[in-house]
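Subject: Structure handover

Hello,

I am passing on the structure that you will be working with, and below it I have written out what was found in it. Please keep it open beside this email while you read.

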Amino acid sequence: MALYVKAAEILEKVEQKKGAVKTLVYESKFQNIKQLFALVCETQKYSSVLLEIINSTKLLKETKLRIHVAKVLVYDLLIGHGVKCGGTWKTMMLKHRSRLQAALARIKIKRKVSRNQDLLPSSFQQTQDDVIPRYVRVNTLKTTLEDVIDYLKREGFSYQGMASGLEDLDRLTGKTFLCDLHLQDLLVFSAKTVFHDHFLYKAGHIILQDKASCLPAFLLNPQVGSHVIDACAAPGNKTSHLAAIMKNKGKLFAFDLDAKRLSTMSTLLLRTGVTCHQLANQDFLKVDPQSSVYKEVKYILLDPSCSGSGMVCLRDEVSEPQDEGRLQALATFQLRCLNHALQFPQVQRVVYSTCSIHSQENEEVVSAGLQQNPAFRLVNLLPNWPERGHEPFTECLRASTAKTRTHGFFVAMLERRPPQKDQQNLVITTLQSGGEEKQDTHQSDPSEEEQENMETADEQSTNPVSKKKRRRNRKKQKKQES
């Protein structure tokens with residue numbers, strides 16, 4: 001029963017635009033995060049169909065259920081894997097199952113379809129063939145890529161080598177798997193592969209993380225032993241990735257304003273063997289860049305709150321007009337975070353990322369950040385990546401189900417420009433010196449020694465006959481003067 005209560009609560013908040021599904025799910029601290037996330041996403045997909053079934057059967061009047069509780073229960077009963085709870089709710093739903101099934105059948109006949117998925121909004125039907133595979137990041141703090149591959153092969157999985165393109169991912173079935181083309185520690189399995197109860201996952205040897213979500217830490221690539229900030233860190237997958245790249249050496253400052261999310265993150269980092277981190281239940285915007293604590297920070301990963309419009313389970317919302325006021329508020333917050341990150345005196349690289357598809361949260365934020373911080377410039381990321389940022393910000397990366405087989409994502413990296421002051425001073429000094437020398441040559445005639453040196457230089461650039469004549473003339477002139 002707890003699963004349905006929590007799912008209904010989150011579903012209601014999502015529909016009221018009070019947060020993204022992923023954020024709300026992690027904030028819930030529910031024991032089985034994956035199960036809760038899947039139920040909310042799938043119910044949200046079929047929301048309009050479920051509402052039609054509920055209304056046509058007058059289920060709310062018959063059961064006194066609240067609408068969002070009714071949606072999650074009807075979804076699991078008719079489309080999911082069956083009602084999982086016991087007690088009065090299960091009894092109630094089984095009592096009305098025949099009427100609910102008949103209502104679903106009438107909708108299919110009316111729309112002339114035979115499959116449940118054909119009832120989905122058009123935005124989902126267009127992506128049914130663009131299934132996101134299961135991505136598994138090997139946690140190199142606890143194991144190696146080779147050891148994980150060998151372990152899985154002993155369990156009956158079939159390793160197919162490195163992927164060469166999207167078509168290889170689309171062909172994955174059963175227990176076949178590949179090594180990702182871009183990220184060397186990322187393995188790719190068919191979408192239906194389940195690892196939540198697997199030993200390697202529970203032991204922290206592998207992390208279930210979408211490929212697009214792996215890009216920020218991979219591209220930031222902090223040096224081993226460096227000082228790094230993960231500005232909006234929870235739920236912690238990117239933090240653990242950074243620690244693995246740093247080999248648990250140096251300092252990794254991780255901030256998040258939400259205490260519940262930070263608690264969940266602490267558990268994840270403990271399971272994955274991260275030890276170089278310093279967690280802080282603090283608003284990143286209130287962190288003092290001038291503090292001596294952060295004087296050696298050279299890398300910052302900034303993945304601030306966003307609309308979540310790139311998440312596949314929210315795509316039906318994306319097809320509808322977005323609340324411009326909400327997008328503007330998010331973009332304003334994101335720009336504040338980016339500007340703040342660029343104020344750290346020693347920072348050399350800042351990666352900015354979102355799971356949004358909207359330019360307001362992506363290219364427009366980066367554009368404003370560059371205008372307000374001219375000491376930084378964009379880095380051209382992964383030139384062979386198939387989806388680029390919108391013009392003129394093609395140095396940035398975008399990701400999508402269709403083109404990269406990932407959730408929708410955006411990544412930009414800003415780096416500090418090389419110092420120009422010393423070089424400019426050198427040019428100015430040289431010019432000033434040259435001017436003074438020219439001025440001196442006009443103030444007095446050259447001395448006899450200087451004239452002789454000049455003539456000697458001239459002689460080196462003329463023919464031998466001219467040289468002999470000038471030498472004889474100089475000797476005659478000296479005799480006459482004496």
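A residue is called buried when its relative accessible area is under 20%, exposed when that value is over 50%, and partly exposed in between. Please also bear in mind that this is a predicted model.

With that cut-off we can begin with Lys45, which is buried because its relative accessible area is 15%. The side chain of Lys45 meets that of Glu42 in a salt bridge, with 3.2 Å from N to O, and Glu42, at 24% relative accessibility, counts as partly exposed. Both Lys45 and Glu42 belong to helix H3 (residues 33-45), where they stand three residues apart, which is about one turn of the helix.

Other salt bridges

Another salt bridge brings together the side chains of Lys238 and Asp303, at 3.4 Å from N to O. This pair links distant parts of the chain, since Lys238 sits in helix H14 (residues 237-245) and Asp303 in the loop between strand E9 (297-302) and helix H16 (315-318), 65 residues apart. Lys238 and Asp303 are both buried.

The nonpolar cores

The largest nonpolar core has 88 residues, and the members that touch the most others in it are Ile53 and Val74. Which helix gives this core its largest share? That share, eight residues, comes from helix H6 (residues 67-78). If we leave aside its neighbours within four places in sequence, Ile53 is in contact with Val74, Leu78, Leu100, Ala103, Leu104 and Ile107. Apart from this core lies another one, of 34 residues, whose members include Phe253, Leu338, Ala341 and Leu370.

Helix H6 also packs against helix H4 (residues 47-57), at an angle of about 100° and with the two axes 10 Å apart. The two helices, H4 and H6, are therefore roughly perpendicular to each other. On the H4 side the contact is made by Ser47, Leu50, Leu51, Ile53 and Ile54, while on the H6 side Ile67, Ala70, Lys71, Val74, Tyr75 and Leu78 take part.

Helix H14 and a buried lysine

Why can H14 be described as largely enclosed by the rest of the structure? It can be described in this way because nine of the nine residues of H14 are buried; among them are Asn237, Thr239, His241 and Ile245.

In helix H13 (residues 211-220) you will find Lys211, which counts as buried at 5% relative accessibility. The side chain of Lys211 makes a polar contact of 2.9 Å with the side chain of His182. Not counting residues up to four places away in sequence, Lys211 touches Tyr135, Asp180, His182, Leu183, Leu186, Trp385 and Thr406.

Backbone details to look at

Most residues other than glycine have a negative phi, and most peptide bonds are trans, so the following places deserve a careful look. Asn221 is not a glycine, yet its phi is positive, at about 45°; Asn221 lies in the loop between H13 and E6 and, at 45% relative accessibility, counts as partly exposed. Lys247, which follows H14, likewise has a positive phi, near 60°. Lys247 is placed in the loop between H14 and strand E7 (251-255) and is exposed, with a relative accessible area of 54%.

There are also cis peptide bonds to examine. One joins Ala234 and Pro235, with omega about 10°, and Pro235 is found in the loop between strand E6 (227-230) and H14. The peptide bond from Glu391 to Pro392 is cis too, with omega near 0°, and Pro392 lies in the loop between strand E11 (376-378) and strand E12 (397-399).

With best wishes

Definitions and conventions
Residues numbered from 1 in each chain as written. Predicted model: local features only at pLDDT ≥ 70, side-chain atom pairs only at ≥ 80, totals over all residues. Heavy atoms only, no water. Core = buried A, V, L, I, M, F, W, Y, C linked by side-chain atoms within 4.5 Å. Buried < 20%, exposed > 50% of the residue type's maximum accessible area, 1.4 Å probe, protein only. Helix = DSSP H or I, 4+ residues; strand = E, 2+ residues; numbered from the N terminus. Contact = heavy atoms within 4.5 Å. Salt bridge = Lys/Arg side-chain N within 4 Å of Asp/Glu carboxyl O. Polar contact = N/O pair within 3.5 Å; in protein donor to acceptor, adjacent residues only side chain to side chain. Axes fitted to C-alpha atoms, helices over the stretch in contact; angles between N-to-C directions. Parallel < 35°, antiparallel > 145°, perpendicular 65-115°, else oblique.
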